[in-house]
Amino acid sequence: MTSLKFVFLLFLISFSALAQKDYKLWLQYDKIANDIISSEYKNNIQGIVSFGNSETSKITIKELENGIVNMLGSKPEINSEINGENNLIIGSHTSLNSELRKILKTDFDKITNESFIIKTINLKNKKQIIISGKNDIAVLYGVFNFLRLIQTHKSIQNLNIADSPKTNIRILNHWDNLDRTVERGYAGFSLWNWQKLPDFIDERYIDYARANASIGINGTVLTNVNANALILTPQYLEKVEALANVFRPYGIKVYLTARFSAPIEIGNLKTADPKDTQVIKWWKDKAAEIYKRIPDFGGFLVKANSEGQPGPQNYGRDHVDGANMLADAVAPFGGVIMWRAFVYSEHDANDRAKQAYAEFQPYDGKFKDNVIVQVKNGAIDFQPREPFHPLFGAMPKTPLMMEFQITQEYLGFSTHLVFLPKLFQEVLESDTYQKGKGSTVAKAIDGTLYQNKLTGIAGVSNIGNDLNWTGHPFAQANWYGFGRLAWNPYLDAETIADEWLRCTFSNNENFIKPVKNMMIESREAVVNYMTPLGLHHIMDTGHHYGPGPWVSDLSRPEWNPTYYHKADKNGIGFDRSKSGTNAVSQYAPEAANLFDNLETCPEKDLLWFHHVSWDYKLKNGQTLWNSLAFKYQEGVDQVAEMQNVWNKSEKYVDSERFNEVKMLLEIQQKEAKWWRDACLLYFQQFSGKELPAGIEKPTQTLEYFKSLKFPFAPGN
Ligand code: GCW
């Protein structure tokens with residue numbers, strides 16, 4: 001071989017090895033370099049004893065073996081009987097032998113169906129570790145959690161872990177279209193290759209299921225809420241069935257979006273009126289047809305009478321009529337209907353932030369038992385920061401599920417590094433005061449506030465067919481973090497960042513400490529350079545990328561940024577106090593009073609609830625104008641600091657991911673300045689004030705920023 005060829009070959013080999021790192025997500029299973037740590041694990045894992053032989057059990061053992069071989073560098077023996085000590089015993093309640101069942105009896109008595117147990121036990125005077133649960137999927141969860149202990153270098157000497165998910169439906173919402181474009185998707189095209197399904201099963205489907213199972217996600221809505229009825233035709237259901245078959249052994253149920261007008265579009269009916277007997281029958285038959293193919297089909301997610309989607313109101317009916325009709329169709333098979341509360345109307349002159357509550361709250365107690373209402377985290381639309389949605393805690397007789405957006409529609413797409421668990425945690429921890437102090441959003445959605453049986457958390461997926469799944473290497477952390485919070489909405493964002501970094505990059509403390517801090521800060525950074533102090537919805541039109549506070553000419557008033565910031569000579573902000581639109585009254589009195597009063601309203605939400613004069617003094621003693629300018633500058637400085645931190649981490653990270661993040665941070669830095677300059681120049685026209693000292697001079701004119709157009713921005 002010529003030397004040139006050899007160099008090229010070497011390049012190819014190392015390229016593919018590195019490329020795989022990006023693909024492997026948080027399941028890197030890197031070899032543990034430290035011999036002391038490694039030998040402790042080896043001593044405790046001398047063999048694997050596997051009970052059970054379902055498809056899931058086989059996947060579980062393969063995962064365990066693969067993880068151990070890679071991390072410890074040696075292959076444990078796999079047996080079907082327990083010999084000697086220090087075995088890892090794997091099996092569900094039904095597959096374990098009676099002796100082991102007896103040892104774990106009290107543990108089993110305490111846990112739910114999806115919980116897992118990881119426990120050091122003494123069996124005939126010999127130490128063993130057992131990983132179990134009531135069924136095979138729970139055991140799979142246990143194994144992933146056990147592997148995570150090793151990935152994060154935790155001790156496995158004396159284990160006694162029992163962990164249960166706090167919500168039932170832990171689900172990704174894919175806004176994926178049948179032509180493989182992804183609405184608000186910034187990581188390539190849809191994973192689902194409808195053209196080649198059902199016969200061609202892409203390896204990615206399996207890897208997708210595996211990654212989700214590793215964090216406890218148990219459902220996926222395959223299609224966009226802006227739905228296409230074709231997915232419900234036999235031609236497509238056959239494809240859906242193939243995906244469901246792949247996902248099943250990983251404990252992942254498939255759901256679809258139901259286009260409300262489907263009976264007309266694919267059923268040849270004249271109407272989709274939910275009270276029409278033919279329509280009712282059509283949906284019943286459709287459900288039966290789906291369940292025949294997919295017996296564990298999860299159910300439907302529905303966006304109705306929102307942003308032009310058809311719904312019951314087209315026939316003079318309401319959301320309850322629509323949801324309950326579909327609920328009856330899937331009920332015989334154990335299906336659920338996730339009915340979205342994301343509604344606002346161009347014919348309603350009311351503050352858009354009030355409309356979903358106004359429409360849905362009066363329906364409390366009227367939905368069938370298998371309906372769960374899916375509510376976005378805030379009342380407008382996935383902004384960098386929104387106060388919690390007033391519906392949480394306000395419908396005691398109706399299960400509500402959370403809808404978070406993992407894809408960064410309003411947070412810099414997959415170009416900006418923003419660690420979303422910090423945002424999710426802020427919402428989950430918010431106190432609704434609906435049943436007195438401590439009635440947090442987390443309690444409203446995990447069912448503990450009102451003892452709801454049906455509970456759930458949905459995340460609008462950020463996954464596409466990019467090599468690294470999510471566009472930005474750090475956006476993988478948002479998928480991971482979503483899953484962890486869906487399992488346990490009380491987890492701390494810092495814990496999640498710590499776990500993710502160790503599993504994805506390195507356990508070196510010199511890397512972990514600063515990079516974790518960077519992740520935690522990143523959420524506040526994006527708020528600062530985009531929408532500080534409660535500003536919202538001031539992005540550019542359509543694609544939603546970059547600043548557009550000047551936009552005021554769109555056909556629907558509530559689509560215009562000027563509708564939201566209301567900047568004028570006197571000040572800036574949307575007055576939702578009692579003297580304004582009185583949106584505050586939709587909250588429980590304690591929260592309402594807090595937000596209503598200019599003095600007690602948290603400054604981070606100030607301009608969400610109040611129109612404030614430019615000279616108003618904030619807690620820092622500075623005027624609102626100066627504070628706004630300082631916040632924008634702070635955001636830019638924070639990104640510069642993120643770059644600093646990352647540049648110092650080069651020696652801990654493979655060169656491919658290091659460079660990707662480095663380049664992306666450079667774009668983020670440029671765009672943070674773009675946001676700062678465009679917004680400050682625009683708002684300055686109203687404040688009429690100079691920029692305070694310490695704020696960098698704008699790099700361009702306002703006219704320049706206004707002239708920027710992005711006709712081919714992705715995801716639109
Ligand atoms: O935020 C808006 C998005 C739409 C989306 C809609 C929704 C799927 O811009 O793209 O449509 O929310 O959540 O239904």
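User: How many residues of helix α12 are buried?
Analyst: In α12 (residues 352-360), 7 of the 9 residues are buried, so the helix is mostly covered. Buried means under 20% relative accessible area, exposed over 50%, and partly exposed in between, with a 1.4 Å probe and protein chains only. Helices are DSSP runs of H or I with at least four residues, strands are runs of E with at least two, and both are numbered from the N terminus.

User: What am I looking at, and how are things counted?
Analyst: This is a predicted model, where local features need pLDDT of at least 70, side-chain atom pairs count only at pLDDT 80 or more, and totals for chains, interfaces and linings use all residues. Residues are numbered from 1 along each chain as its sequence is written, and side-chain values use heavy atoms, with hydrogens and water left out.

User: Back to α12. What do its buried residues pack against?
Analyst: They pack against α11 (319-330), β11 (336-340), β12 (371-376) and α18 (561-565), with contact meaning heavy atoms within 4.5 Å. The buried residues include R352, K354 and F360.

User: What happens at the start of α12?
Analyst: A side-chain oxygen of D351 comes within 2.9 Å of the backbone nitrogen of A353.

User: And at the start of α6?
Analyst: There, a side-chain oxygen of N135 comes within 3.1 Å of the backbone nitrogen of I137. In α6 (residues 136-151), 15 of the 16 residues are buried, so the rest of the structure largely encloses the helix.

User: Switching to H174. Where does it sit, and is it buried or exposed?
Analyst: H174 is in the loop between β7 (169-173) and α7 (203-214). H174 is buried, at a relative accessible area of 1%.

User: Which residues does H174 touch?
Analyst: Setting aside neighbours within four places in sequence, its contacts include W192, Y208, T220, N224 and S461.

User: Now the ligand. Which residues are closest?
Analyst: Among the 15 residues around the ligand, E183, K303, K376, D381 and E409 are the closest; a residue is near if one of its heavy atoms lies within 4 Å.

User: Which polar side-chain atom lies 2.5 Å from a ligand oxygen?
Analyst: One belonging to E409. A polar side-chain atom of R340 lies 2.7 Å from a ligand oxygen.

User: How many charged residues are in the shell?
Analyst: The shell has 8 charged, 4 nonpolar and 3 polar residues.

Conventions
A polar contact is a pair of N or O atoms within 3.5 Å; within protein, one must be able to donate a hydrogen and the other to accept it, and residues adjacent in sequence count only if both atoms are side-chain atoms. Ala, Val, Leu, Ile, Met, Phe, Trp, Tyr, Cys and Pro count as nonpolar, Asp, Glu, Lys and Arg as charged, and the others, Gly among them, as polar. The expected span of a helix is 1.5 Å times one less than its number of residues.
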